[in-house]
Every structure is written in structure tokens, then in C-alpha cells.
Amino acid sequence: MDQLLENKKIVIRFNKEVIEDGNSQTFREIFDPDFVNRTAPEGSNGPEGMFNTFNNILRPAFPDLRVEIYDQIAEGDKVTTRKAILGTHKGEIMGIPPTNKNVRIDVIDIVRLRNGKYFEHWGVNTLPSVLAELRNG
């Protein structure tokens with residue numbers, strides 16, 4: 001199979017099985033042990049930091065978490081994805097009590113794959129503005 005298409009499928013699998021479903025088995029299968037999240041703070045930029053973000057921060061706050069993928073571009077060993085993470089604020093997040101509001105976190109990320117596994121990640125998202133909106137009612 002074409003490597004670019006295969007890389008896109010791995011990224012889709014991460015979004016659906018890991019972000020949406022919290023599947024730790026899929027996470028272990030598709031993350032290189034040397035993975036580095038280039039946009040995460042030092043100390044939380046390894047594979048477990050990425051899993052923690054979704055399973056221990058976002059999923060408890062937004063139990064109906066889902067991902068809509070709008071665009072994917074693959075070139076070389078990288079896949080860029082424009083997507084939204086959607087959910088209903090039903091649990092506490094960063095000290096903000098549940099509001100029952102629907103949220104949308106817009107995301108653009110770049111994933112570098114090595115041997116069919118996530119090896120590096122860079123991303124930008126609107127989570128800070130979403131949190132500010134939830135704080136301010």
C-alpha cells in the first residue's frame with residue numbers, strides 16, 4: 001500500500017481509537033517509545049503525556065468526546081491534519097466546573113511517523129480560548 005495513505009490511516013486510527021475511544025492498546029501499538037510532543041511542556045512531552053491529555057484531562061471533562069477530521073495532507077514521513085475535537089462539558093477541567101455547554105476545540109497538527117508509529121508531534125489548538133469561554137460563562 002502507498003506509504004502516504006498508510007500514514008494517514010495511522011493518524012485516523014489515533015484520532016478515532018485513542019482520542020475518541022481511549023483505547024490504550026491502540027496507543028501502545030502506534031506510539032514509538034521515543035515519541036516527542038514538540039508542543040507539550042518539558043516533562044510531559046513523551047508518549048504518556050499525550051495519552052494523559054486525552055484520558056485524564058479531556059475525556060473526564062467531555063465524556064462524549066469525538067473527533068471530526070476535515071483535511072489531511074501527507075508528504076514524506078509527515079501527516080498534517082485539520083480537525084475539531086467536540087464534546088459536552090460534563091466534568092471539571094482545570095478547576096472549571098461542568099457547564100453542560102457544547103465545546104469545539106479546533107486543531108491543526110503535524111505528526112511525523114517512523115516505522116508506522118507516531119515519532120514526533122507539533123500542533124496548535126484553540127483549547128486556551130475554549131477554557132476562557134467556559135470560565136467566563
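This is a predicted model: local features need pLDDT of at least 70, side-chain atom pairs count only at pLDDT 80 or more; totals for chains, interfaces and linings use all residues.

Trainee: How many residues does helix 1 have, and what distance does it reach?

Mentor: Helix 1 covers residues 3-20, which is 18 residues. From first C-alpha to last it reaches 25 Å, close to the 26 Å expected at 1.5 Å a residue.

Trainee: What happens just after helix 1?

Mentor: There you find Gly-22, with a positive phi of about 70°. Gly-22 belongs to the loop between helix 1 and helix 2 (24-30).

Trainee: Is Gly-22 buried or exposed?

Mentor: The cut-off for buried is under 20% relative accessible area. Gly-22 has 18% relative accessibility, so it counts as buried.

Trainee: Which residues is Gly-22 in contact with, leaving aside neighbours within four places in sequence?

Mentor: Its contacts are Glu-17, Phe-51, Asn-55 and Arg-59. For a distance across the model, take Gly-22 and Arg-112: they are 90 residues apart along the chain, and their C-alpha atoms are separated by 21 Å.

Trainee: Which residues with a positive phi are not glycines?

Mentor: Two cases to look at are Met-94, with a positive phi of about 50°, and Asn-100, with a positive phi of about 65°. Met-94 sits in the loop between strand 3 and strand 4, and Asn-100 is found in the loop between strand 3 and strand 4 as well.

Trainee: Is Asn-100 buried or exposed?

Mentor: Exposed means over 50% relative accessible area. Asn-100 has a relative accessible area of 51%, so it is exposed.

Trainee: And where is Ile-96?

Mentor: Look again at the loop between strand 3 (78-88) and strand 4 (102-114), where Ile-96 is found. With 4% relative accessibility, Ile-96 counts as buried.

Trainee: Which residues is Ile-96 in contact with, beyond its neighbours within four places in sequence?

Mentor: They are His-89, Gly-91, Leu-131, Leu-134 and Arg-135. One of them, Leu-131, is 35 residues from Ile-96 along the chain, with 8.0 Å between their C-alpha atoms.

Trainee: Now the whole chain, please: how many helices and strands are there?

Mentor: The chain has four helices and five strands. Along the sequence they follow the pattern α-α-β-α-β-β-β-β-α. The radius of gyration is 15 Å, close to the 14 Å that the globule rule gives for 137 residues, so the chain is as compact as a globular protein of that length.

Trainee: What box do the C-alpha atoms fill?

Mentor: Taken along the principal axes, the box is roughly 45 × 30 × 25 Å. Of the 137 residues in the chain, 42% are buried.

Trainee: Last, what about the surface and the charges?

Mentor: The chain exposes about 7,300 Å², and carbon and sulfur atoms supply 50% of that area. For the charges, there are 18 positive and 20 negative ones, and their mean positions are 2 Å apart.

Methods: Residues are numbered from 1 along each chain as its sequence is written. Side-chain values use heavy atoms; hydrogens and water are left out. Helices (H or I, at least four residues) and strands (E, at least two) are DSSP runs, numbered from the N terminus. The expected span of a helix is 1.5 Å times one less than its number of residues. The radius of gyration is taken over C-alpha atoms; the globule rule is 2.2 Å times the number of residues to the power 0.38. Buried means under 20% relative accessible area, exposed over 50%, partly exposed in between (1.4 Å probe, protein chains only). Accessible areas come from the Shrake-Rupley method with a 1.4 Å probe; for residues, only the protein chains shown count as cover. Lys and Arg count as positive and Asp and Glu as negative; His and the chain ends are not counted. The place of a charge is taken as NZ of Lys, CZ of Arg, CG of Asp or CD of Glu. Contact means heavy atoms within 4.5 Å.
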